[in-house]
Amino acid sequence: MKLHTLGMDYRHDSGFVIDRPNGSGDSLMLIFKTPALLRLNNRVVHATAGSAVVYSPEYHQYYGADGAEYINHWVHFDAEDGDEFLRRIGLPYNTLIPPSDIAAAERVLELLSLESLSDAKGTAESCDLLLRLLLTKLADGMERRAEQTSQHSGALRELRAAIYRSPAECRSIDELAARLSLSPSHFQHLYRQEFGVSCYEDVLSARHAMAKYYLRNTALAIGQIAELCGYENDVHFIRQFKKRTGMTAGQYRNGGRPT
């Protein structure tokens, strides 16, 4: 593996966004020190502090702040045997890696940064080994995630399918957690680990997908659609729909044209 450049503790404000439709041309590792917003596999993903991602060279890189401040570590590198090595240690490209021992990863990053500045004969070999060690540390997070969620994985996936089939039946996080006999906080933690998105966000996405279907394909009144999608009243539905789509329900039904 060949190191190109790296940076530690780079800071940006709430408006920070990187958008590279064709990737960076090399592999990119990011470790998030603050919450971040990403697009992976055509989905918006909210990354918690301590999580990471490794982009393949041509993959669309879209990431940025998800709060008042954005801080990350980054490493650009080439890997001739990248696919084989990552597969061997269980670390996929272009997938959110859950929080792991970030302190251990930072210690390796510090060593890598110092080694990259050396003019010693074995610098390239040392950087190669440290890059592999860093990736292995991140893979530890994937392994722990599998251990923590495996016993609940099937039930979580069934629940998620139920959410998208019948979002109106999903009244509260407490009720959904009770279905799996979990505390609300533990349920939400496992759900985000399993799917890379909060349960609340999935419920909202399911409700709005259903609302869009009814608006485009039926003549049902707005109030009826709101009820079918699980909203207590049409006022709340109208407010949420415009917030997420940028247009009123009537405009959406009218093909985006003013009503």
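Student: How do the side chains of D128 and R132 meet?

Tutor: Side chains of opposite charge can pair when their charged atoms come close. Here D128 and R132 form a salt bridge, 3.2 Å from N to O. The term needs a side-chain nitrogen of Lys or Arg within 4 Å of a carboxyl oxygen of Asp or Glu. Both residues sit in helix 3, four residues apart, about one turn of the helix. Helices (H or I, at least four residues) and strands (E, at least two) are DSSP runs, numbered from the N terminus.

Student: What should I know about the model itself?

Tutor: This is a predicted model: local features need pLDDT of at least 70, side-chain atom pairs count only at pLDDT 80 or more, and totals for chains, interfaces and linings use all residues. Residues are numbered from 1 along each chain as its sequence is written, and side-chain values use heavy atoms, with hydrogens and water left out.

Student: Are D128 and R132 buried or exposed?

Tutor: Both D128 and R132 are buried. Buried means under 20% relative accessible area, exposed over 50%, and partly exposed in between (1.4 Å probe, protein chains only).

Student: How many salt bridges are there by this rule?

Tutor: The count is nine. D9, K33 and E106 are linked in a network of them. K33 pairs with D9, the closest N and O atoms being 3.1 Å apart. K33 lies in the loop between strand 3 (27-32) and strand 4 (36-40), and D9 in strand 1 (residues 2-13), so this pair ties together parts 24 residues apart in sequence. E106 also meets K33 in a salt bridge, at 3.1 Å from N to O. E106 belongs to helix 2 (residues 102-116), so its pair with K33 ties together parts 73 residues apart in sequence. E106 is buried, at 17% relative accessible area. K33 is partly exposed at 29%, and D9 is partly exposed at 36%.

Student: Now the rings. How many aromatic pairs does the structure hold?

Tutor: A pair of aromatic rings is described by the distance of the centres and the angle of the planes. The structure holds twelve aromatic pairs. Rings of Phe, Tyr and Trp (its six-membered ring) pair if their centres lie within 6.5 Å; planes under 30 degrees apart are stacked, over 60 edge-to-face, and the rest tilted. F237 and F241 have centres 5.7 Å apart and planes at 50 degrees, so they are tilted.

Student: Which angle do the planes of F241 and Y252 make?

Tutor: Their planes stand at 75 degrees, with centres 5.7 Å apart, so this pair is edge-to-face. F241 and Y252 are both buried.
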